[in-house]
Amino acid sequence: MSGLEERVRTLLRPEVLALSAYHVPDSKGYIKLDAMENPYSWPEGMIEAWLDRLRRAEPNRYPDPACGPLKAALRSANDIPAEAELLLGNGSDEIIQIILMALPPGSTVLAPEPTFVMYRQISLSLGLRFVGVPLREDFSLDARAMEAAIISHRPAVVFLAYPNNPTGNLFEEDAMLRVLAAAPGWVVVDEAYAPYAEATFMPRLSEFDNLLVMRTLSKLGLAGLRLGFLAGAREWIEQLDKIRLPYNINVLTQISAQFAMENQPVFEGQVRSVLRDRQWLAEELGRLSVVRVYPSRANFILFKLLSHEASEVFQALKEAGILVKNLHPAGGSLSQCLRLTVGTPDENRCFLKTLREIIAL
Ligand SMILES: *Cc1c(COP(=O)(O)O)cnc(C)c1O
C-alpha cells in the first residue's frame, strides 16, 4: 500500500471507504431507456420563449435564496396544501441527504427493499444505521413485517417510494397507513413518479404530523435541471431549512423550472403519451411467454426473464445500441430482472423488435 493510500484508509470514516460510488454508464449514442427520463423535447416556440426568459438571468448575482416565485409556481402545479411548507433541493437526492443530516448520530433509517438505492447509500455515507425490510414476492408492501421492524428498530425515518423504484408498483394505501401509524418518526413518501401514478399522499399532509411528501421534476421531464421539493409541517421544514446550503437552487434552474410550471399543458401532453405507450409496451411484453411483466404506475416497466440470462439479454440490447437497467446484479428478488424506461414510440418499437430477436436466438 502506498503512503497516500494508507493515509486515505486512516483519515476517512470506514462507512465511506466501504461504499461504492453510484455508477452511471456512458450513454452517448445509445437509445437511452435506463434512467426514467421523459424522452420528449419541447416545441420550438416554447424553446424560444424559454431562451427569452433566460436572457434576463443575472449569473453574476447569487440566486434568490428563498425561491419565492418558484415555490408559488410549484404549489399551484402540485396542489400543495396551503398550510404545508416547502423545502427545495438540488434534486430530491439532496433532500434525502438534508433529511438524514438532521438526525442524531446512531439513528436508524428504514425502508422496504428492493427500493431506491440512495436511501441506503446516503444513510451509510452519513454513518447512520439502515434497515431494509423485504417486500413480498409480488413486490407489495408487507405491512406486518414493516410494523414489526418499526417496533424493534425505532427508525427516525421511514422512506416509502410511491410508486416504488425499481419495481414500478404502487403500495396499497392501507399498508402505507399502517406504516404511518406505527412509525415513531418521519415517514417520507417519495412521489418521484407522481406525474405517472395518478395517486398521491399530498392531500393527507394535514392528517399526519409525521408525514413528509417529496417530489422531483426529474421524471416529469426536467432531469437536467436538478430540482426536487419536500412538503410538510412548517415546524419540520423550518429545522431542515437550517441544513440546506443557502444557494442550492441556481439561477438557471429557478428561471427554467418556473417557466416549465407555466407550461404545464405541454408536460401533461407528454405524460399522456408516456402513459399510453407504457400500456402498449406492457401488453406487448406480456405476449412474450419467456417474460414476466410487473404492473407499473411509473414511466418504466420492470420485467423478469424466465428462461434467459438477464445479463446476457442486457448485453445484447446494449450491443444493438439500446441501454436499459440491468437489475440482476442486485440479486434476491431482482434476479433476472431488467428495467425499461418508456421511450418515444419509435424507441419502444425498436426495443421490442430487438428483444424479440434476442430471445428467439
Ligand atoms: C429518480 C428518483 C429520485 C431522485 O430524483 P432526483 O430529483 O433526480 O434526485 C428519488 N426517488 C426515487 C424513487 C427516484 O426514482
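Visitor: In which loop is Pro114 placed?

Guide: This is a predicted model, in which local features need pLDDT of at least 70, side-chain atom pairs count only at pLDDT 80 or more, and totals for chains, interfaces and linings use all residues. Residues are numbered from 1 along each chain as its sequence is written, and side-chain values use heavy atoms, with hydrogens and water left out. A cis peptide bond with omega of about 5° joins Glu113 and Pro114. Helices (H or I, at least four residues) and strands (E, at least two) are DSSP runs numbered from the N terminus, and Pro114 lies in the loop between β3 (108-113) and α6 (118-125).

Visitor: Which residue is joined to Pro166 by a cis peptide bond?

Guide: Pro166 is found in the loop between β5 (157-161) and α8. The cis bond there has an omega of about 15°, and the partner of Pro166 is Asn165.

Visitor: How are α7 and α8 oriented to each other?

Guide: Axes are lines fitted to C-alpha atoms, for helices over the stretch in contact, and angles run from 0 to 180 degrees between N-to-C directions. The axes of α7 (residues 143-153) and α8 (residues 173-182) come within 9 Å and cross at roughly 10°. Angles under 35 degrees count as roughly parallel, so α7 and α8 are roughly parallel.

Visitor: Which residues of α8 meet α7?

Guide: Contact means heavy atoms within 4.5 Å. On the side of α7, the residues are Ala143, Arg144, Met146, Glu147 and Ile150. Those of α8 are Ala175, Arg178, Val179 and Ala182.

Visitor: How far apart are the axes of α13 and α15?

Guide: Helix α13 spans residues 264-286 and helix α15 spans residues 345-360. They pack at an angle of about 10°, and are therefore roughly parallel to each other. Their axes are 11 Å apart.

Visitor: How many residues surround the ligand?

Guide: A residue is near a molecule if one of its heavy atoms lies within 4 Å of it. The closest residues are Asp190, Tyr193, Thr216, Ser218 and Lys219. In total, the number surrounding the ligand is 14.

Visitor: How much of the accessible area of the ligand does the protein cover?

Guide: An oxygen atom of the ligand is 2.6 Å from an N or O atom in the side chain of Thr216. Accessible areas come from the Shrake-Rupley method with a 1.4 Å probe. Of the 390 Å² that the ligand has on its own, the protein covers 94%.

Terms used:
A polar contact is a pair of N or O atoms within 3.5 Å; within protein, one must be able to donate a hydrogen and the other to accept it, and residues adjacent in sequence count only if both atoms are side-chain atoms. Angles under 35 degrees count as roughly parallel, over 145 as roughly antiparallel, 65 to 115 as roughly perpendicular and the rest as oblique.
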